[in-house]
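Subject: Structure for you to look at

Hello,

Here is the structure I said I would pass on. My notes on what was found follow below it.

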Amino acid sequence: MSHHDRPGEEHAADTSHRVEQLQTDECWRLLQGASLARLALLDADGAPEIYPINIQVVHGAVLIRSSYDAKARALAAHPRFALETDGGTLRVRWSVIAHGTAEVTANDIDDAPAAGGGSWYPGEKSHVIRLTVEDLTGKRFLVPVTARTEGADQAPSS
């Protein structure tokens, strides 16, 4: 009898989810390769807000080109942030989360030209938001093939 014939053990290797904690250097490598992230902050009213942003890592800081918009004004008033980016393949996914403080400056700092990566949002980017990362964590998720197909026609359970 093969392992496929044993009751309750069908595709055992294919159904086991694994989560790995990433080392800090791996988190930085993944963050440096990312161009899109989500920035969480408190808005002017103290309510949580999330913005999709284009990022670039330069000299250990995360840079965002921005106009002096609601996001920049909120960070100037309340500089604490959380940032999340993720990626991967169908079988291996990863997520990196950073926490720290932000500094909003006019676009005249030394690193500003390096932060010139493309933005999905049109308009003038007269400021640079420099995110200083104080805490960086990440996880890698190994997704079994069957997890992508099982329950595709069912609503998620709570």
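E6 and E7 run antiparallel and are joined by nine bridges. The two strands make a hairpin, with three residues between them. One of the pairs is Gly88 with Arg93, its bridge partner in E7. Please keep in mind throughout that this is a predicted model.

Overall layout

The protein has four helices and eight strands. Read from the N terminus, the order of elements is α-β-α-β-β-β-β-α-β-β-β-α. Of its 158 residues, 33% count as buried. Among contacts between residues at least 6 apart in sequence, 67% join residues at least 24 apart.

Strand pairing

E7 (residues 92–106) also pairs with E8, again antiparallel, through 15 bridges. Within this pairing, Trp94 stands opposite Arg140 of E8.

E8 covers residues 127–142 and has an antiparallel pairing with E1 (residues 18–21) over four bridges. Here Val19 has Phe141 of E8 as its bridge partner. E5 (residues 61–66) is joined to E8 as well, by six bridges and in the antiparallel sense. In that case the bridge partner of Ser66 is His127 in E8.

On E6 (residues 80–88), there is a further antiparallel pairing with E2 (residues 36–42), over three bridges. Leu39 has Leu83 of E6 as its bridge partner.

Thr105 is a residue of E7. Is Thr105 buried or exposed? Its relative accessibility is 18%, so Thr105 counts as buried, the cut-off being under 20%. Leaving out residues up to four places away in sequence, Thr105 touches Ser126, His127 and Val128.

In soluble globular proteins, nonpolar side chains tend to be buried together. In this model, the largest nonpolar core has 26 residues, and those that touch the most other members are Leu39, Ile55, Val62, Phe81, Leu83 and Leu131. At least two residues of this core come from each of H2 (24–33), E2, E5, H3, E6, E7 and E8.

Which residues does Phe81 contact, leaving aside neighbours within four places in sequence? The contacts of Phe81 are Leu39, Ala40, Leu75, Ala98, His99, Gly100, Thr101, Ala102, Leu131 and Thr132.

Helix H3

The buried residues of H3 are Lys71, Ala72, Ala74 and Leu75. Looking down the helix axis, these buried residues fall within an arc of 165°, so they line one face of H3. They pack against E2, E3 (48–54), E5, E6, E7 and E8.

As for pairs between aromatic rings, a search of the whole structure finds zero.

Ala77 belongs to H3 too, which spans residues 70–77. The C-alpha atom of Ala77 is 7.7 Å from that of Ala44, although the two residues are 33 apart along the chain.

A backbone point

Most residues other than glycine have a negative phi. His59 is not a glycine, yet has a positive phi of about 50°. Where does His59 lie? The place of His59 is the loop between E4 (56–58) and E5. His59 is exposed, because its relative accessible area is 71%.

If you open the model, these are places to start: the hairpin of E6 and E7, the buried face of H3, and His59 in its loop.

Regards

Key: Residues numbered from 1 in each chain as written. Predicted model: local features only at pLDDT ≥ 70, side-chain atom pairs only at ≥ 80, totals over all residues. Heavy atoms only, no water. Pairing = 2+ DSSP bridges. Phe/Tyr/Trp six-rings, centres within 6.5 Å; stacked < 30°, edge-to-face > 60°. Buried < 20%, exposed > 50% of the residue type's maximum accessible area, 1.4 Å probe, protein only. Contact = heavy atoms within 4.5 Å. Core = buried A, V, L, I, M, F, W, Y, C linked by side-chain atoms within 4.5 Å. Arc of directions from axis to C-beta.
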